[in-house]
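Trainee: I am new to this structure. Please take me through it in short questions and answers.

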Amino acid sequence: MTPEEVVEQLEQPLSLRRRVGYVIVALAGLLGSGVVGLLWATEPGLPPRTKVAFAVLVAIGVGWATFGTWAVTRRAPLFARDRVVAAWLGIVAWLLFTVGALVITTLRHRVEPELLLVVLVLGGVAVVGLRAARRNRAALLRRREQLSRRPE
């Protein structure tokens, strides 16, 4: 494979497989937020903390639906930008979950070790995912730069 062919492959927009994957992500986010929103709308006597949890779940679902739509509609090469954005969405969802867990724990005046473990594991996974996505994007951009500066 010549360097020109490698650069040409780097300059391609998303593959069909990735586009289908992002359509599935968008539909799953939309479906999840729709189901939670429907449940929220049809249950009038929910406690306030359940309403807040539903609002957060709807927001996370809408976020994933927006991300999937954004990724599918990109016609330019992303150079793994989609992975970085998805990893940031994971970080934001983890932060929302952590804040909710902290509020519930504070209201109960009791620390649940299992909840703390879940928060730590999810946070670790989110941070590792973000670091991997950023590293992957940086490597792709570096590779593109090296190949485009190559003397003829």
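Mentor: The buried residues of H5 are Val119, Gly123, Ala126, Leu130, Ala133 and Leu147; buried means under 20% relative accessible area, exposed over 50% and partly exposed in between, with a 1.4 Å probe and protein chains only. The model is predicted: local features need pLDDT of at least 70, side-chain atom pairs count only at pLDDT 80 or more, and totals for chains, interfaces and linings use all residues. Residues are numbered from 1 along each chain as its sequence is written, and side-chain values use heavy atoms, with hydrogens and water left out.

Trainee: How far apart are the end C-alpha atoms of helix H5?

Mentor: Helices are DSSP runs (H or I) of at least four residues, numbered from the N terminus. The expected span is 1.5 Å times one less than the number of residues. Helix H5 has 36 residues (113–148) and should therefore span 52 Å, which agrees with its end C-alpha atoms, apart by 52 Å.

Trainee: Is Ser33 buried or exposed?

Mentor: Ser33 is part of helix H2, residues 16–42. Leaving aside neighbours within four places in sequence, Ser33 is in contact (heavy atoms within 4.5 Å) with Val58, Gly61 and Val62. Its relative accessibility is 9%, so Ser33 counts as buried.

Trainee: Which element gives the largest share of the lining of the largest pocket?

Mentor: The largest pocket holds about 350 Å³ of space and is lined by 14 residues, of which Ala53, Leu96, Gly100, Ala101 and Ile104 lie nearest its centre. A pocket is an open set of points on a 1 Å grid over the protein atoms alone, where a 1.4 Å probe fits, with protein on both sides within 12 Å along at least five of seven lines; lining residues have an atom within 4 Å of a point. The volume is the space filled by probe spheres set on the points, which are joined across faces, edges and corners. The largest share of the lining, 8 residues, comes from H4.

Trainee: How far is Glu11 from Glu112 in space?

Mentor: Glu11 sits in the loop between helix H1 (3–10) and H2. Glu11 and Glu112 are 101 residues apart in sequence, and their C-alpha atoms are apart in space by 49 Å.

Note on methods: Helix = DSSP H or I, 4+ residues; strand = E, 2+ residues; numbered from the N terminus.
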